[in-house]
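Morning, everyone. Please bring up the model on your screens.

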Amino acid sequence: MFLWNWLVYLLIVGVQQGFRYYRQYLSGEVRLERLERQFAEARLNALRMQLDPHFLFNTLNTISSQVERDPRLARAMIEHLGDLLRNSLESKDKQEVTLAEELAALNHYLAIQKIRFADQLKVELCVDADVKSACVPCLLLQPLVENSIRHGISSRSSGGTVTVSARRVEKLLEIRVADDGAGLPAGWNQEKSLGIGLSVTQQRIFGLSGSEDTRFLIGNRPNGGTEVEIRMPLKLAGENV
Amino acid sequence: MRVLVVDDELPARQRIVDLLRKDPCVERVLEAENGIAAVDTIESERPDVVFLDVQMPELDGLGVIDAIGAANMPLTVFVTAYDQHAIRAFEANALDYLLKPFSDERYEATMTRIKSRLGTGNAHNLDQNIAALIPRTSRFDRLVVKSAGRTRFIRATDIDWIEASGVYVTLHVAGTEELYRASLQDLAEKLEPFGFVRVHRSALVNLDSILHLEPISHGEFEVVLKHGSRCRISRAFRARLEERLGQAL
């Protein structure tokens, strides 16, 4: 009788455990699937931004204006535009890149915008050497910088400065993208007012590098302008976690 | 022929300027890098033709027309990279426009049309069509004010009250005064959506700037406004204010 009771007990525990593993397996699947979906959305967004009709047609118009005036510059812009498109078409199979690779992609975009906006757009890059090989979700920076230019700078005729900085803070990677533009509109709220591009970025940061220290904060800077602050666990390429 | 090119992006201006410079009919090419500079240049230089970018920060192309008045605009060629709404409006109103990027041929065709319009002297027969682009009240959140040789933007919400003075009105903005050429009646209509209400035949008040009311006599009140101004509410307009506030005084 005693043995029988034990057998029944073990059977129940066994079924329960099995069910738990199955659920864990399912939720792991779901998590992976969600990450893949968010990545697809981020790619789509990056592509949409490069193919943003204003960006694309104004870039083509800039090239058109320089064809005679400065043929070298015109060819350089065509190359930047080509690299930018290639980058978002090719990033299909990797979710994470090093910060250095991400910055290289960003440079093509910035090079075009700097020619378009001439001296109205200033860009400051300040990335510490020890985080250049940090892993970040690919296509992370461009939507943030695009946002800074669109809301912070191209809405003012006096222009402005976009600052991108990255550094190590203990075991974390901290990235900031800031502008000195008009700042957030009154009543702006990160939970409610986040546009689709940035909310996908936010979800991907938490999805790929979620930990209790992970942050994605958008706020006004004390001296005017907007700043996005990202913190995530620092993971250097080639390191096993 | 004198031509003004308005665009906030330098290369976009260069594209048109380079084409204009090759044209012997063009005596002078002017440039403006934003809407405010465009308004200034149109008023001071009176060009014959303006190439006007639609999308610009702060004061956009339509804002320029609104500030100048459709009837006072030079012959206008709209230039835009992408704005389907605007393009439909240009088509519907038979206005000249260029889509960026454009070929030299496209530019030449536009220029030929412009020259024939200038030549026949009916340059301004499109005023009504241009005016049709501008919705009547939507663009009045800022007034473009010219004083002492410079052009300023005054946000409607920054104005405490407006006083009629001849063909002008006086804008009372944070304790300073600015002259603005418009009738009080016109402004009253345009600024109503921004919380302005007529309290007197010659006074229009921003409700947000009212500190308190002081009764004077016979059902008349005086409004005490921010920055120390006062103005009278006449009996005739009291009902309007009460209606606007949804309650009796």
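First, a word on terms: a helix axis here is a line fitted to C-alpha atoms over the stretch in contact, and angles run from 0 to 180 degrees between N-to-C directions. Keep in mind that this is a predicted model.

Start with H4 and H5 of chain A. H5 covers residues 141–153. The axes of H4(A) and H5(A) come within 9 Å and cross at roughly 25 degrees. Angles under 35 degrees count as roughly parallel, so H4(A) is roughly parallel to H5(A). The crossing is right-handed.

Which residues of H4(A) and H5(A) meet? From H4(A), we have A:Glu102, A:Ala105, A:Leu106, A:Tyr109 and A:Gln113. From H5(A), they are A:Leu141, A:Gln142, A:Val145 and A:Ile149. By class, that contact has six nonpolar residues, two polar and one charged.

Now the other partner of H4(A), which itself runs over residues 99–117. Helix H2 of chain A spans residues 53–69. Its axis comes within 10 Å of that of H4(A), and the two cross at roughly 65 degrees. Angles of 65 to 115 degrees count as roughly perpendicular, so H2(A) is roughly perpendicular to H4(A). Here the crossing is left-handed.

H2(A) brings A:Asn58, A:Thr59 and A:Thr62 to the contact. H4(A) answers with A:Ile112, A:Ile115 and A:Arg116.

On to the cores. How many residues are in the largest nonpolar core? There are 41. A:Leu141, A:Val145 and A:Val177 have the most contacts inside it. H4(A) supplies the largest share, seven residues.

Take A:Leu141 by itself. Setting aside neighbours within four places in sequence, A:Leu141 contacts A:Glu102, A:Leu106, A:Val164 and A:Val177.

Look at contacts in chain B with a separation of 6 or more: 54% of them join residues 24 or more positions apart.

Last, the interface. How many residues of chain B are in contact with chain A? The count is 15, and they touch 20 residues of chain A. On the chain B side, seven are nonpolar, two polar and six charged.

That's the tour. Over to you.

Notes
Residues are numbered from 1 along each chain as its sequence is written. Chains are lettered from A and ligands numbered from 1 in the order in which they are written. This is a predicted model: local features need pLDDT of at least 70, side-chain atom pairs count only at pLDDT 80 or more; totals for chains, interfaces and linings use all residues. Helices (H or I, at least four residues) and strands (E, at least two) are DSSP runs, numbered from the N terminus. Angles under 35 degrees count as roughly parallel, over 145 as roughly antiparallel, 65 to 115 as roughly perpendicular and the rest as oblique. A crossing is left-handed if the near helix is turned anticlockwise from the far one by less than a right angle, and right-handed if clockwise. Two residues are in contact if their C-beta atoms, placed from the backbone, lie within 7 Å. Ala, Val, Leu, Ile, Met, Phe, Trp, Tyr, Cys and Pro count as nonpolar, Asp, Glu, Lys and Arg as charged, and the others, Gly among them, as polar. A nonpolar core is a set of buried Ala, Val, Leu, Ile, Met, Phe, Trp, Tyr and Cys residues joined through C-beta atoms within 7 Å. A residue is buried if 20 or more other C-beta atoms lie within 10 Å of its own, exposed if 12 or fewer, and partly exposed in between; C-beta atoms are placed from the backbone.
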